[in-house]
Amino acid sequence: MAARYGVLPGNDAELPQQLAADLREAEQQAAAREAKAAAATVPEALKDDYEKLFAAFDAVKWEAPSTRRGRTYDDKKFFESLKRQALEGKMLTEKQQAALGKIAEKYADALPMEFIRGILKTPAPETAATNQETENEVSAMLEQLSRVTVWNPPVKKGRFTYDDREFYESLASQHARGRTFSPRQLAALKKLAAKYAGESR
């Protein structure tokens, strides 16, 4: 923080030798990060694509801002901030591109999605059939596990305790609330269902 905000004493001799060296190194690293960020400009080859990408959103009828849990979500305002950044020549980060991709999917009916996914390098979402197939598989595995009467005792490994029954109950509760499982959760559920495949009553 001292390096970032420029509050170092004018003379390194006033500081312990190691601290002074660490602060000089921190200053150099901060300068390198700033230089890298400044250099992250939109390549010439992408400028035309970016212009077409943002122009495509002219056809979008934006939803009104909404407030959830005390936070206001405004798709149009967020989109405009990304547009301004990109058209001023600053490259969008991977996270910003992913966020823009999610907005595009939300308003897909009004957009040339194949073109947009190509620029943002985002995959097409799963089809409804694939989603339903996954949902059916999850429901079947949770139903199987709901009939297990004898669970393995919790196992402690280092700082963590692994409790199969508690994990199942957490997933079942999330599923009942309509939550979609992440790939990691789905893989863990498959492993758990296979582990107790012969234990259902």
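Here is a chat about aromatic rings and a helix pair in a predicted model.

Biologist: How many aromatic pairs does a search of the whole structure find?

Modeller: Keep in mind that we're looking at a predicted model. Ring pairs are described by the distance of the centres and the angle of the planes. Searching the whole structure that way, the count of aromatic pairs comes to eight.

Biologist: Take Trp-151 and Tyr-168: are the rings stacked or edge-to-face?

Modeller: Their centres sit 5.5 Å apart, and the planes are at 20°. Planes under 30 degrees apart count as stacked. So the pair of Trp-151 and Tyr-168 is stacked.

Biologist: Where in the chain do those two sit, and how many residues apart are they?

Modeller: Trp-151 is in the loop between α7 (128-146) and β3 (155-157), while Tyr-168 belongs to helix α8 (residues 164-176). Both residues are buried. The pair links distant parts of the chain, with a separation of 17 residues.

Biologist: And what kind of aromatic pair do Trp-151 and Tyr-196 form?

Modeller: Here the planes make 55° and the centres are 4.9 Å apart. Under 30 degrees would be stacked and over 60 edge-to-face, with the rest tilted. Trp-151 and Tyr-196 are both buried. The label for this pair is tilted.

Biologist: Why does the Trp-151 and Tyr-196 pair tie together separate parts of the sequence?

Modeller: Trp-151 lies in the loop between α7 and β3, whereas Tyr-196 is in the segment after α9 (183-195). The pair therefore ties together parts whose distance in sequence is 45 residues.

Biologist: Which ring has Arg-68 over its face?

Modeller: Arg-68 is 4.1 Å from the centre of the ring in question. There's also Lys-157, over the face of Tyr-162 at 5.7 Å from the ring centre. For Arg-68, the ring is that of Tyr-73.

Biologist: How are α4 and α5 set against each other, and is the crossing left-handed or right-handed?

Modeller: The axes of α4 (residues 75-87) and α5 (residues 94-106) come within 11 Å and cross at roughly 135°, so the helices are oblique to each other. Among the residues making the contact are Phe-79 and Leu-82 of α4, with Leu-100 and Ile-103 of α5. The C-alpha atoms of Phe-79 and Ile-103 are separated by 8.1 Å. As for the crossing of α4 and α5, the hand is left-handed.

Definitions and conventions. Residues are numbered from 1 along each chain as its sequence is written. This is a predicted model: local features need pLDDT of at least 70, side-chain atom pairs count only at pLDDT 80 or more; totals for chains, interfaces and linings use all residues. Side-chain values use heavy atoms; hydrogens and water are left out. Rings of Phe, Tyr and Trp (its six-membered ring) pair if their centres lie within 6.5 Å; planes under 30 degrees apart count as stacked, over 60 as edge-to-face and the rest as tilted. Helices (H or I, at least four residues) and strands (E, at least two) are DSSP runs, numbered from the N terminus. Buried means under 20% relative accessible area, exposed over 50%, partly exposed in between (1.4 Å probe, protein chains only). A charge sits over a ring if NZ of Lys or CZ of Arg is within 6 Å of the ring centre and within 35 degrees of the ring normal. Axes are lines fitted to C-alpha atoms, for helices over the stretch in contact, and angles run from 0 to 180 degrees between N-to-C directions. Angles under 35 degrees count as roughly parallel, over 145 as roughly antiparallel, 65 to 115 as roughly perpendicular and the rest as oblique. A crossing is left-handed if the near helix is turned anticlockwise from the far one by less than a right angle, and right-handed if clockwise. Contact means heavy atoms within 4.5 Å.
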